[in-house]
Amino acid sequence: MTLESDDRQRERARSKDGWRLAIISMVAGFVALMVVARSSGPGARSIAMATVVLVVAVVAVLTIVGVSSHRRRRERRQTSLTNFREVTGFSVRATDEGVVKALFHDLPEIKSSGKIKSVIEGEIDGRRLIGFEHVHIIHTGSTAAPVYRSVFALETPPWPSLTVRRKSGLGAALRRMFGSRDLQFDLPEFNRRFRVTTHDPDFALVLLSPALQRHIMSKPSVIWRLMNGWLVLVYPGALRFDRAEASIARLRKFAELIPPELDAWQSSASSPRGE
């Protein structure tokens, strides 16, 4: 399936929405006409007829605005996709559930009930790069809401697993309460704002140089992971092609700042630290 066919499916879904609005308009008009028919006196009928015209006009305007808005969003997405392909040379597919979930099944952001969309594939300096959008639904009582994540991953040697993410106030307080101590690095600001979890603290101390710590702090809302031979960057929100190039550049910069001696790193850890 191509991304264009995915867009056509979305367009068909939006067309159905347009038909629903048209049906609602007809039903509203029919109800209003019934009111006219049952009205007594010229004055009452005039008011009822004005109501019919107003209801039909409002629904028609909403239908036109909705269809126009959907069309503009589709055109912007297609323009962003075309520009992204031309600039990066990467391929983009609508979905590839099996391949992506097989590679990243251990990624906490990947849910078994979720959907994979807009899969990007390419190479950076001879290493495989994959990007994709993941969406799953969370239910809160009688309502349901989609949760989007944008993921970019670059192939690496089989290094120890590691996660870097911004600290939460509650989590930090609980760890202090139970005597847990986070790994400490060169920059006090990094130690204050971020938490590093890994099974190999020696590897983390070598990997996260002051330069890499600054790079991570430049975009604090994202999550960085090393796992199963991939360097993974996780953003909150849906994948946007007009921002994907910058995300890939951020991933590439991280890889460039990794000390070259880690290519031959052999893990010696047997228990987690910073968990």
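## The protein at a glance

Keep in mind from the start that this is a predicted model. The protein has eight helices and eight strands. Of its 275 residues, 38% are buried. Its exposed surface comes to about 15,500 Å², and carbon and sulfur atoms supply 58% of that area.

How do parts of the chain meet? Taking the contacts with a separation of 6 or more, 66% are between residues 24 or more positions apart.

Leaving aside residues up to four places away in sequence, Phe190 touches Val164, Phe185, Val196, Leu208, Gln213, Ile216 and Met217. Three of these names return in helix H7 (residues 210–217), where Leu212, Gln213, His215, Ile216 and Met217 are buried. Which elements cover the buried residues of H7? The cover includes strand E5, helix H5 (188–193), strand E6 (194–198), helix H6 (201–207), strand E7 and helix H8.

## Strand E7 and its neighbours

Strand E7 spans residues 223–227, and five of its five residues are buried. Ile223, Arg225 and Met227 point one way from the strand, while Trp224 and Leu226 point the other way; all of them are buried. Notice that Arg225 is part of this buried set too.

Which strands does E7 pair with? One is E5 (residues 162–166), which runs antiparallel to E7 and is joined to it by three bridges. Here Thr163 has Arg225 of E7 as its bridge partner. Another is E8, also antiparallel to E7, with five bridges between the two. E7 and E8 form a hairpin with two residues between them, and Asn228 in the turn has a positive phi of about 50°.

## Aromatic rings that pair up

The model contains eight aromatic pairs. In one of them, the ring centres of Phe104 and Trp230 are 5.2 Å apart and the planes meet at 55°, so the pair counts as tilted. Phe104 lies in the loop between helix H3 (97–103) and strand E2 (115–124), whereas Trp230 lies in strand E8 (residues 230–236), so this pair ties together parts that are 126 residues apart in sequence. Both Phe104 and Trp230 are buried. Ring pairs also link Phe104, Phe132 and Trp230 into a cluster.

Trp224 and Phe254 make a stacked pair, with 4.5 Å from centre to centre and 25° between the planes. Why does this pair tie together parts that are 30 residues apart in sequence? Trp224 sits in strand E7 and Phe254 in helix H8 (residues 241–256), so the pair connects the two elements. Both Trp224 and Phe254 are buried.

## Two buried residues to look up

Leu262 lies in the segment after H8. Is Leu262 buried or exposed? Its relative accessible area is 0%, so Leu262 counts as buried. Not counting residues up to four places away in sequence, Leu262 touches Trp159, Phe203, Val206 and Leu207. Pro157 is 105 residues away from Leu262 along the chain, yet their C-alpha atoms are separated by 8.8 Å.

The other residue is Asp200, found in the loop between E6 and H6. With a relative accessible area of 1%, Asp200 is buried, because the cut-off for that label is under 20%. What does the side chain of Asp200 make a polar contact with? Its partner is the side chain of Trp265, at 3.3 Å.

Definitions and conventions: Residues numbered from 1 in each chain as written. Predicted model: local features only at pLDDT ≥ 70, side-chain atom pairs only at ≥ 80, totals over all residues. Heavy atoms only, no water. Phe/Tyr/Trp six-rings, centres within 6.5 Å; stacked < 30°, edge-to-face > 60°. Helix = DSSP H or I, 4+ residues; strand = E, 2+ residues; numbered from the N terminus. Buried < 20%, exposed > 50% of the residue type's maximum accessible area, 1.4 Å probe, protein only. Pairing = 2+ DSSP bridges. Contact = heavy atoms within 4.5 Å. Polar contact = N/O pair within 3.5 Å; in protein donor to acceptor, adjacent residues only side chain to side chain. Areas by Shrake-Rupley, 256 points an atom, 1.4 Å probe, with all protein chains shown as cover.
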